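Here is a short report on one protein model. It covers salt bridges, strand pairing, the nonpolar core and confidence.

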Amino acid sequence: VYILATIEIEPKTINLRSKGRWITCYIELPEGHDVNDIDVSTVKMNNKILAESNPTEIGDHNGNSVLDLMTKFDRTKVEVLLNATQVKLWMTCKANGKLFEGRASIKVI
């Protein structure tokens, strides 16, 4: 059973003709859980693509006073998942042996 996490993916719109290198994901865990406990080696997109082990960063990307973990995904691997104009992506990860999942949508042009 997964515990709901909040995720944000950047860029919010992916132009398949651009040459960007990364897709960035910010993961917030619910109250009572600490993003410092996320095992980065367990962070996956759509149960297929592992997050890069570097770079990662703990911060407050959206300024809501809740810490998040920033992870990066290889853009060329993510593009394989993209086949429509609006795509739902999900992240899963483990922290302290607990499973977390979050979902977000991006636009594809």
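## Salt bridges

A salt bridge here is a side-chain nitrogen of Lys or Arg within 4 Å of a carboxyl oxygen of Asp or Glu. By this rule the count comes to three salt bridges. The model is predicted, and side-chain atom pairs count only at pLDDT 80 or more.

Arg75 is buried, because its relative accessibility is 4% and the cut-off for buried is under 20%. Glu79 is partly exposed, with a relative accessible area of 23%.

Another salt bridge joins the side chains of Glu8 and Lys12 at 3.3 Å, N to O. Glu8 has a relative accessible area of 21%, so Glu8 counts as partly exposed. Lys12 is partly exposed too, at 47% relative accessibility.

Glu101 lies in strand 10. Is Glu101 buried or exposed? At 18% relative accessibility, Glu101 counts as buried. The side chain of Glu101 meets that of Arg103 in a salt bridge, at 3.6 Å from N to O. Arg103 is exposed, with a relative accessible area of 54%.

Which residues is Glu101 in contact with, leaving aside its neighbours within four places in sequence? They are Tyr2, Ile3, Leu4, Ala5, Trp90, Met91 and Thr92.

## Strand pairing

Strand 9 and strand 10 pair in the antiparallel sense over 10 bridges. Within this pairing, Leu89 stands opposite Ala104 in strand 10. The hairpin of strand 9 and strand 10 has two residues between the strands. In this hairpin, Asn96 takes a positive phi near 55°.

Strand 9 also pairs with strand 5 (residues 44-45). These two strands run antiparallel and are joined by two bridges. Lys44 has Thr92 in strand 9 as its bridge partner. Thr92 is also one of the residues in contact with Glu101.

## The nonpolar core

In soluble globular proteins, nonpolar side chains tend to be buried together. Here the largest nonpolar core has 29 residues. Those with the most contacts inside this core are Ile9, Ile27, Leu29, Ile38, Met45 and Phe73. Five strands each supply at least two residues of this core: strand 2 (6-10), strand 4 (22-28), strand 8 (68-74), strand 9 (86-95) and strand 10 (98-108). Which strand gives the largest share of this core? Strand 9 does, with five residues.

Ile27 shows what such a position touches. Not counting residues up to four places away in sequence, Ile27 touches Ala5, Thr6, Ile7, Val35, Ile38, Val43, Leu67, Asp68 and Leu69. Among them is Ile38, which is also listed with the most contacts inside the core.

## Confidence

The protein averages a pLDDT of 92. A score of at least 70 is reached by 100% of the residues. Where is confidence lowest, and where is it highest? The lowest mean, 88, falls in strand 3 (residues 13-14). The highest, 97, falls in strand 7 (residues 57-59).

Methods:
Residues numbered from 1 in each chain as written. Heavy atoms only, no water. Core = buried A, V, L, I, M, F, W, Y, C linked by side-chain atoms within 4.5 Å. Buried < 20%, exposed > 50% of the residue type's maximum accessible area, 1.4 Å probe, protein only. Helix = DSSP H or I, 4+ residues; strand = E, 2+ residues; numbered from the N terminus. Contact = heavy atoms within 4.5 Å. pLDDT = per-residue confidence, 0-100. Pairing = 2+ DSSP bridges.
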